[in-house]
Amino acid sequence: MSSRCASVSKIIPFSCVDGPGSRLTLFLQGCNLRCKSCHNPWTMGRCNDCGECAVHCPHDALSFQAGRVYWQETLCQQCDTCLKMCPQQATPMAQTMSVEEVIKQVARAAPFIEGITVSGGEATTQLPFICELFTQLKATPALSHLTCLVDSNGELGIPGWEKLLPVCDGVMVDLKAWNSSVHQRLTGRGNERIKASIRWLAEHQRLAELRLLTIPEETDYLSSIEPLSEFIHSLGEITVRLNAFHAHGVYSEAREWRSAHAGDVEPLAQALQNQGINQVILPALYL
Ligand code: SF4
Ligand code: SF4
């Protein structure tokens, strides 16, 4: 088996919000967008062992030895002090895990799950690890029935998707705004690559879900409903999931933004339906 490793910020053995059915979800550390709306902003960066957080842990769960930060899970109280102060938007709690170690965890959860989802951060910033993990899962008879999904921001280029195609069953992609200038303001980058990824994945029957995140007074889906709907129609029969922004956990100016309610999201659902887009899923709850 491969010994390829990834920086993992968290594993949830049983999740019902990261794709269809019950799934093991693996959150990889590091992201190539800087979304103001991110409610896990400490998953964006990679720890450079600067040591700043170690002396501030109120529960002595962090130590700094030989130039490296070490985290002791048994002492950690999940107070998030280290996350809030990290200048890299990283976490000292991310763990390096090998493909074999992840597969062992998947095997333990296997009787109770339909598949696994690799999320982030941005999962595809650790593409070789995902390719190897999915390849090994599909080659393991007791696990080969599990579906392998990726939750992505869509920034990966087409050559990357081509590598993933043979072993990935589907990708859930966020389109954070329709106009590239709005996307740039909300995420730090334009959305041309993301639209290209969405088109390519749909053409190759791998677009598991298109996600639109409503941020009141910030996103432009409703004002762009005609070109947005035309784009969605061009993708064929796909599912559109509408998510609602909530301010919990965000950094920067997004802390001042209003959380989205049904009154913000339902008009978008109605407008999409008026344009003939019927496979629309509304948020299960609003925070
Ligand atoms: S988690 Fe952040 S503050 Fe802590 S050592 Fe790593 S880079 Fe420094
Ligand atoms: S979350 Fe960070 S600061 Fe808080 S106890 Fe755990 S390691 Fe220490």
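Helices here are DSSP runs of H or I with at least four residues, strands are DSSP runs of E with at least two, and both are numbered from the N terminus. Welcome to a predicted model, in which local features need pLDDT of at least 70 and side-chain atom pairs pLDDT 80 or more, while totals for chains, interfaces and linings use all residues. Residues count from 1 along each chain as its sequence is written, chains are lettered from A and ligands numbered from 1 in the order written, and side-chain values use heavy atoms without hydrogens or water.

**Figure 1. The whole chain, to get your bearings.** The protein chain contains 8 helices and 11 strands. The chain is as compact as a globular protein of 287 residues, because its radius of gyration of 19 Å is close to the 19 Å from the globule rule (taken over C-alpha atoms; the rule is 2.2 Å times the number of residues to the power 0.38). Its C-alpha trace spans about 60 × 50 × 35 Å along the principal axes. Of the 287 residues, 51% are buried (under 20% relative accessible area with a 1.4 Å probe on protein chains only; exposed is over 50%, partly exposed in between).

**Figure 2. Ligand 1 and the residues around it.** Ligand 1 sits in the largest cavity. A cavity is a set of points, on a 1 Å grid over the protein atoms alone, where a 1.4 Å probe fits but cannot get out; to sit in it, a molecule needs more than half of its atoms within 2 Å of its grid points.

**Figure 3. Ligand 2 in its own space.** Now look at ligand 2, which takes up the second largest cavity. It has 14 residues around it, and the closest are Cys57, Cys76, Cys79, Asp80 and Cys82. What kinds of residue make up the shell around ligand 2? There are 9 nonpolar residues, 4 polar and 1 charged.

Figure 4. Asp60 belongs to the loop between strand 2 (23-28) and strand 3 (62-65). Because its relative accessible area is 59%, Asp60 is exposed. Asp60 and Gln77 are 17 residues apart along the chain, and their C-alpha atoms are separated by 9.8 Å. Ala66 is in the loop between strand 3 and strand 4 (68-71). Ala66 is not a glycine, yet its phi is positive, at about 50°. Is Ala66 buried or exposed? Ala66 counts as exposed because its relative accessibility is 84%. Gln78, in the loop between strand 4 and helix 1 (81-85), also is not a glycine and has a positive phi, of about 55°.

**Figure 5. A cis peptide bond between two glycines.** Gly120 and Gly121 are joined by a cis peptide bond with omega about 15°. To find Gly121, look in the loop between strand 6 (115-119) and helix 3 (127-139).

**Figure 6. Ile113 and what it touches.** Ile113 is in the loop between helix 2 (99-109) and strand 6. Its relative accessible area is 7%, so Ile113 is buried. Setting aside neighbours within four places in sequence, Ile113 contacts Pro13, Phe14, Ser22, Arg23, Leu24, Val106 and Leu146. Cys131 is 18 residues from Ile113 in sequence, with 20 Å between their C-alpha atoms.

Figure 7. Trp178 has its place in the loop between strand 8 (170-174) and helix 5 (180-187), and Ser224 in the loop between strand 9 (207-214) and helix 7 (225-234). Why does Trp178 count as buried? Trp178 counts as buried because its relative accessibility is 13%. With a relative accessible area of 5%, Ser224 is buried. Not counting residues up to four places away in sequence, Trp178 touches Asn191, Lys195, Asp220, Tyr221, Ser224, Pro227, Leu228 and Phe231. With neighbours within four places left aside, Ser224 contacts Trp178 and Asn179. Phe134 lies 44 residues from Trp178 in sequence and 31 Å away in space, C-alpha to C-alpha.

Note on methods. On a 1 Å grid over the protein atoms alone, a cavity is a set of points where a 1.4 Å probe fits but cannot get out, and a pocket is an open set with protein on both sides within 12 Å along at least five of seven lines; lining residues have an atom within 4 Å of a point. A residue is near a molecule or strand if one of its heavy atoms lies within 4 Å of it. Ala, Val, Leu, Ile, Met, Phe, Trp, Tyr, Cys and Pro count as nonpolar, Asp, Glu, Lys and Arg as charged, and the others, Gly among them, as polar. Contact means heavy atoms within 4.5 Å.
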